[in-house]
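Hi,

Here is the model I promised to pass on.

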Amino acid sequence: MFSRPSLCGNLGKLCRSGAVAVISAPPTTTALPVLPGQARCDGRGYHEVVGDIICPSQVRGIDHIRDPRLNKGLAFTLEERQVLGIHGLQPARFKTQEEQLQLCKIAVNRYTEPLNKYLYLSDLHDRNERLFFRFLSENIEDLMPIVYTPTVGLACQRFGLIYRRPHGLFVTFNDRGHIFDVMKNWPEPNVRAICVTDGERILGLGDLGACGMGIPVGKLALYTALAGIKPHQCLPIVVDVGTNNIDLLEDPLYVGLRQKRVVGREYDDFIDEFMEAVVKRYGQNTLIQFEDFGNHNAFRFLDKYRNNYCTFNDDIQGTAAVAVAGLYASKRITGKSLKDYTFLFAGAGEAAIGIADLVVKGMVAEGVPIDEAYSRIFMVDIDGLLTKTRKVGSLDGHKINYAKDIEPMADLEQIVSTIKPSVLIGASACAGLFTPKILKTMGENNERPIIFALSNPTSKAECTAEEAYHNTDARVIFSSGSPFPPVTVGNKTYYPGQGNNAYIFPGVGLGVICTGTHHIPDDMFLIAAQELANFVEPSDIERGSLYPPLQSIRDVSMNIAIGVTKCAYDKGLASTYPEPQDKRKWLEDQLYNFNYECSMPVTWTWPRMPYIKTRELVPTKLYGKKKNEEIL
């Protein structure tokens with residue numbers, strides 16, 4: 001859903017241009033007869049245009065109805081309908097885009113099941129691109145849970161059943177050696193942002209293989225809706241190397257490679273070839289966002305590619321930025337800085353370590369020595385507290401930075417009682433991990449305990465907002481990764497904020513794309529966290545949220561993009577020159593227009609030609625092979 005396939009359009013243009021004459025059918029093929037006045041190749045593509053510049057000579061009138069990028073539904077004026085040759089193909093009613101938006105709201109609210117709403121929005125996008133993105137951007141609080149978490153998780157689980165049209169590229173392991181050839185099949189020539197997943201760790205749902213396509217599709221829809229990045233510049237990709245999910249392998253509706261996952265050297269070489277193919281096809285500055293890769297690969301790829309490609313991992317860096325933004329905002333309540341907190345992370349995967357690393361960077365920015373910063377962060381994985389003396393579990397990768405030289409402990413309740421953290425962050429995908437006893441202990445040890453239950457989707461959250469408030473006498477400073485309903489305690493109702501990555505990655509992406517940044521340092525995510533925290537109003541804090549309302553997320557994205565732009569030029573990472581002085585206006589000039597544009601060809605007048613008397617036309621004498629033979 002929510003991106004731009006154009007699998008037949010270019011072939012259709014090739015046929016219509018006459019170049020098809022060089023393509024002959026196999027000898028055994030009998031050509032269909034061509035009727036008088038009928039073009040030899042009359043197939044019309046799903047999209048007749050690429051990019052955002054339309055060539056009028058390549059677009060027929062009917063294409064304005066068939067192509068979702070051109071279609072305006074009943075918003076075509078009478079003049080447009082008559083000139084484009086589509087008059088009579090629609091009923092007599094004329095509507096404004098505002099009237100269409102009202103109808104969209106009525107239509108989507110008819111459905112009670114979130115998945116049906118998801119399918120309605122997918123269909124809307126396939127019919128009318130501008131209407132879809134405007135509807136999404138203006139109703140983000142209601143629709144984000146549909147196009148993104150938690151509903152997108154259900155859509156991925158049912159992907160084989162709801163699949164309609166291709167909305168991105170599926171690059172399979174069987175395509176190794178030809179990945180660039182697959183990339184060439186995507187008809188958009190100016191892709192600037194790619195979101196890619198191998199489907200191994202979709203949200204908290206595990207290995208969904210090729211069904212994980214819903215994640216990059218949903219992410220890039222938010223790039224456009226929340227940051228105004230042009231849709232044709234976005235490309236969702238699944239690298240399909242198989243799945244270890246037995247249920248999917250045995251599912252007759254599964255759409256991916258029916259094989260166990262490729263691992264080891266072959267897998268790494270495949271990803272290397274993919275990265276090289278992206279650069280060869282779209283250029284070195286193409287933003288590549290890694291999404292929902294397995295923990296064992298996510299950090300490896302980030303470390304491997306971050307200095308050679310324009311790339312980031314949203315599960316690591318985007319989650320970190322939104323969590324640190326919540327910690328910055330909590331300063332207004334506790335009066336404390338990062339260096340004054342003791343942190344305990346339940347979970348030691350991508351999200352947890354990403355947040356911890358950015359917290360360390362934030363404390364260093366406050367003047368704390370890096371060793372002391374690491375010492376203030378404790379981390380628990382499935383085998384218990386990360387310690388240098390424990391006998392079970394590994395300390396591979398980035399975990400070693402947070403291992404303490406203390407006695408091992410495996411019980412989370414005991415760990416909370418012993419360490420007495422002021423900040424408890426859940427990124428474990430273990431529902432109910434924060435028991436009432438743990439929550440009460442946090443309340444006993446802290447005047448204002450900070451508890452973040454960040455696991456997605458909602459069913460995987462470590463605790464609910466209601467549990468957090470009721471077990472801490474409503475003194476908790478709470479945030480979650482998925483939305484929770486308001487909680488009433490006594491005479492006050494709290495509206496817990498959702499620490500959604502969507503506050504971060506669209507703005508970062510906009511700044512990176514517009515500046516042509518070739519590498520993305522962690523500084524940009526710390527800047528994004530600060531910009532997000534600065535946008536939180538006292539009224540947001542009062543209602544119980546560490547984040548601004550979702551309706552303001554487009555303004556947040558612009559502020560983040562401005563901060564990222566400044567950072568890119570200050571650090572010499574930008575490749576777009578000269579550096580703009582008014583960065584806000586420069587960025588705004590590059591945004592997608594959600595409103596309908598005139599479908600009429602642009603016309604203009606010429607000045608009247610001056611009268612100049614011409615000489616008399618005299619026949620020209622031409623001489624051929626025969627002498628004295630005149631040819632007029």
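Predicted model: local features only at pLDDT ≥ 70, side-chain atom pairs only at ≥ 80, totals over all residues.

The chain is split into domain 1 (50-95), domain 2 (97-309) and domain 3 (316-502 + 515-541). Between the C-alpha centres of domain 1 and domain 2 there are 29 Å, and 13 residues of domain 1 are in contact with 15 residues of domain 2.

Now the inside. The largest nonpolar core has 160 residues, and the ones touching the most other members are Met-183, Ile-237, Phe-343 and Ile-504. Domain 2 (97-309) and domain 3 (316-502 + 515-541) each supply at least three residues to this core. Another core, of 28 residues, lies apart from it and includes Leu-344, Ala-461, Ala-468 and Tyr-469. Back to Phe-343: leaving out residues up to four places away in sequence, Phe-343 touches Leu-327, Leu-338, Val-359, Met-363, Arg-376, Ile-377, Phe-378, Pro-421 and Val-423.

Then the helix pair. H11 (residues 214-227) packs against H21 (residues 505-515) at an angle of about 75 degrees, and their axes are 9 Å apart. Angles of 65 to 115 degrees count as roughly perpendicular, so H11 and H21 are roughly perpendicular to each other. On the H11 side the contact is made by Lys-219, Leu-222, Tyr-223, Leu-226 and Ala-227, and on the H21 side by Phe-505, Pro-506, Gly-507, Gly-509 and Leu-510. Sorted by type, the residues of this contact are 7 nonpolar, 2 polar and 1 charged.

Cheers

Terms used:
Residues numbered from 1 in each chain as written. Heavy atoms only, no water. Axes fitted to C-alpha atoms, helices over the stretch in contact; angles between N-to-C directions. Helix = DSSP H or I, 4+ residues; strand = E, 2+ residues; numbered from the N terminus. Parallel < 35°, antiparallel > 145°, perpendicular 65-115°, else oblique. Contact = heavy atoms within 4.5 Å. Nonpolar A, V, L, I, M, F, W, Y, C, P; charged D, E, K, R; others polar. Core = buried A, V, L, I, M, F, W, Y, C linked by side-chain atoms within 4.5 Å. Buried < 20%, exposed > 50% of the residue type's maximum accessible area, 1.4 Å probe, protein only. Domains from an automatic or database assignment.
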